[in-house]
Amino acid sequence: MSGKTLYDKIWEAHLVQRREDGTSLIYIDRHLIHEVTSPQAFEGLRLAGRKPWRADANYATPDHNIPTTRDERAQGLEGIKDPVSKIQVSTLDDNCREFNIFELGMNDLRQGIVHVVGPEQGITLPGMTIVCGDSHTSTHGALGALAHGIGTSEVEHVLATQCLMQKKMKNMLVRVDGQLRTGVTAKDIVLAIIGRIGTAGGTGYTIEFGGEAIRNLSVEGRMTVCNMAIEAGARAGLVAVDQTTLDYIEGRPFAPKGAMWDEAAAAWSQLVSDEDAQWDAVVELDAADIEPQVTWGTSPEMVASVNGTIPDPSQEKDETKRQNIEQALKYMGLQGGTAIRDIKLDCVFIGSCTNSRIEDLREAAKVVAGKRKADSVELALVVPGSGLVKQQAEAEGLDKIFEAAGLEWREPGCSMCLAMNADQLGAGKHCASTSNRNFEGRQGFGGRTHLVSPAMAAAAAVHGHFVDVRDLG
Amino acid sequence: MKKFNQETGIVLPLDRANVDTDFIIPKQFLKSIKRSGFGVNLFDEHRYLDKGEPDADNSKRPLNPDFVLNQPRYAGASVLLARDNFGCGSSREHAPWALDDYGFRAILAPSYADIFFNNCFKNGLLPIVLPRDVIDALFDEVEANPGYSLTIDLPAQEIRKPDGTVLNFEVDSFRKQCLVEGLDDIGITLQDSDKIREFESQWRTTAPWYFTTP
């Protein structure tokens with residue numbers, strides 16, 4: 001019998017029932033909840049007279065709508081100026097109270113972006129199944145957990161039954177061999193992968209990321225990679241458990257302690273794909289070939305090296321692709337053939353569930369330390385992923401470095417990644433962003449997003465256009 | 001859940017690949033705590049010329065005459081013809097809610113993003129996968145024939161064209177049954193409550209570290 005992938009193993013361990021046509025009932029260990037995709041699910045429970053199957057499997061925190069300025073935050077709920085947003089946040093509080101669900105409220109020090117908070121608190125553990133009404137739930141796969149986004153109907157389904165009905169996905173291995181060059185980061189790896197396989201390349205698959213370059217990443221770097229598995233079409237991304245994983249988890253508030261830790265750690269050490277595992281698809285990249293990446297279009301697959309140029313649509317033979325490039329360039333206000341370095345920036349956003357952890361902020365701070373943002377950059381925001389990330393950054397003096405460079409230091413939340421709160425990119429403005437989506441209007445109506453690593457975003461803030469962070473010395 | 005058996009309707013062509021869920025329904029409308037009323041903001045950033053807000057009177061907003069949804073020949077359409085990777089991006093179920101609320105009952109495309117595809121079935125909306133060349137041909141036929149409509153017969157897994165020809169399509173048998181009978185997923189799963197409890201008690205013994213309480 002052939003070996004199993006890590007995905008096969010976690011799937012089988014959680015299989016409650018399998019129907020003849022393959023539709024399966026899968027047990028869910030953790031359900032993470034935020035304010036945007038949950039109110040209709042709680043309302044559904046109420047209307048049907050149902051209760052959560054296991055309230056203690058649920059953890060909630062508001063993140064999408066909440067303001068990020070210190071003054072607004074200090075006022076609590078009253079600081080949310082938009083009445084519709086305010087109702088959504090207070091509805092989460094009410095629902096958690098009514099259904100006895102653990103919530104880190106908006107001004108709890110531990111509050112933050114749900115995908116930053118889960119791993120940080122040890123709520124995310126290897127070998128778990130984790131879901132959340134948010135596509136970036138794939139982030140948690142960095143710890144060897146099977147984690148993916150779901151819609152609101154499934155949020156209600158998990159609340160009511162602790163299970164999901166689904167069919168098994170196929171297995172894809174993305175192996176990044178060799179070593180990254182200095183200045184090239186996890187963000188560049190995942191953008192290069194998406195550039196290679198396309199935004200639908202992983203549709204129907206769970207992607208396991210492996211190879212020397214992935215093994216050498218910190219858990220935070222692995223989170224950046226898994227976070228964007230969904231931008232390659234894969235609902236779930238995974239990285240096998242190793243000592244790096246265990247070292248990250250040990251001692252976190254909700255992680256097991258004492259004898260239970262030893263037992264759990266021993267079990268989690270087995271969470272790797274077998275040598276002879278069967279893969280439905282394998283993609284190989286050489287880490288040494290990866291350069292800092294910048295997206296130029298309106299899909300994460302529209303990406304180039306910082307030293308490259310924007311493709312010229314007239315050179316594209318495939319009509320659909322040509323049309324896509326033309327549509328994207330029209331929206332972005334850019335010309336084919338332009339050097340990536342010549343793209344000028346009006347705004348910089350450092351934050352989001354992709355890149356708002358302490359290592360990301362350290363990388364960005366290193367680049368801006370002792371420098372000033374370019375005058376042409378109107379707005380530069382640094383938004384930590386959680387209250388604890390913020391506290392740590394301040395203990396290291398990073399906030400002062402950012403502020404001295406003219407960047408704004410904010411309170412934790414999703415912020416301008418999707419601009420549901422007041423942090424919005426203006427129409428026609430170009431933004432170097434460490435977030436995950438460059439879709440039309442994503443960061444604000446008419447806004448133009450360029451996805452990059454934290455170091456690249458920081459360098460763009462200083463220079464007002466893209467520069468190769470490796471040239472800065 | 002709303003049942004789906006047979007639907008005959010005008011086909012609206014959205015000639016664009018990788019239509020993401022931000023395109024289908026922009027984020028500002030996700031602040032609602034309701035499940036309905038999203039139809040007027042479907043494709044908001046392309047349908048209107050100004051920026052939409054949740055409390056705006058949409059009847060007073062300037063329409064984009066070039067956008068397909070505003071062209072009179074497609075008024076009342078209930079079948080959406082789309083390109084590859086339709087519904088990529090965010091998991092927001094507001095996307096199928098908006099399509100449903102506008103009046104769409106079925107989508108035809110060469111491929112879909114996984115989460116969106118799954119969300120459609122939970123809302124009585126039928127996403128059908130057809131080969132790329134068939135989709136290409138449909139775009140041509142829709143363009144050439146004003147009022148072009150199709151009949152989608154889910155029990156027979158058939159799409160009937162105006163000229164009488166028939167296209168067959170595949171659909172997962174369990175999902176088909178749920179749509180045809182309008183079954184409630186949660187109700188079905190709760191019929192297996194004993195199995196879930198049995199699994200849970202075994203799992204609690206095998207992996208007690210997942211059952212610590214906050």
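Biologist: How many residues does the contact take from chain A and from chain B?

Modeller: The model is predicted, so local features need pLDDT of at least 70 and side-chain atom pairs count only at pLDDT 80 or more, while totals for chains, interfaces and linings use all residues. Residues are numbered from 1 along each chain as its sequence is written, chains are lettered from A in the order in which they are written, and side-chain values use heavy atoms, with hydrogens and water left out. Contact means heavy atoms within 4.5 Å. Here the contact takes 82 residues from chain A and 60 residues from chain B.

Biologist: What area do chain A and chain B bury between them?

Modeller: Buried area is the accessible area (1.4 Å probe) that two parts lose on being put together, summed over both. For this pair it is about 6000 Å², with 57% on carbon and sulfur atoms. On the chain A side, Gln40(A), Trp53(A) and Phe445(A) lose the most area to chain B, together 12% of what that side buries.

Biologist: How many residues has the largest nonpolar core?

Modeller: A nonpolar core is a set of buried Ala, Val, Leu, Ile, Met, Phe, Trp, Tyr and Cys residues joined through side-chain atoms within 4.5 Å. Buried means under 20% relative accessible area, exposed over 50%, and partly exposed in between (1.4 Å probe, protein chains only). The largest core has 107 residues, and Phe86(B), Leu99(B) and Leu108(B) have the most contacts inside it. Its largest share, eight residues, comes from helix α16 (residues 454-463) of chain A; helices (H or I, at least four residues) and strands (E, at least two) are DSSP runs, numbered from the N terminus. A second, separate core of 101 residues includes Cys96(A), Cys132(A), Met228(A) and Cys178(B).

Biologist: Which residues does Leu108(B) touch?

Modeller: Leaving aside residues up to four places away in sequence, its partners include Val79(B), Leu80(B), Ile128(B), Leu130(B) and Ile159(B).

Biologist: Why is helix α4 of chain B described as largely enclosed?

Modeller: Seven of the eight residues of α4 (residues 114-121) of chain B are buried, so the rest of the structure largely encloses this helix. Among the buried ones are Asp114(B), Phe116(B), Asn119(B) and Phe121(B). Over chain B, buried residues make up 58% of the 214 residues.

Biologist: What is the volume of the largest cavity?

Modeller: On a 1 Å grid over the protein atoms alone, a cavity is a set of points where a 1.4 Å probe fits but cannot get out; lining residues have an atom within 4 Å of a point. Grid points are joined across faces, edges and corners, and a volume is the space filled by probe spheres set on the points. The largest cavity has a volume of about 210 Å³. It is lined by 23 residues, and His64(A), Asp134(A), His136(A), Leu418(A) and Arg442(A) are the closest to its centre.

Biologist: Which residues lie nearest the centre of the second largest cavity?

Modeller: They are Thr298(A), Ser299(A), Arg16(B), Ala17(B) and Asn18(B), out of 14 lining residues. This cavity holds about 160 Å³ of space. Helix α12 (residues 319-332) of chain A gives the most to its lining, with three residues.

Biologist: Is Asn85(B) buried or exposed?

Modeller: Asn85(B) counts as buried, at 1% relative accessibility. Its phi is positive, about 60 degrees, although it is not a glycine. Asn85(B) sits in the loop between β2 (79-81) and α3 (94-102) of chain B. Asn100(A) also has a positive phi, near 60 degrees, but is exposed, with a relative accessible area of 63%.

Technical notes. 1 Å grid on protein atoms, 1.4 Å probe; cavity = no way out; pocket = protein on both sides within 12 Å on 5 of 7 lines; lining within 4 Å.
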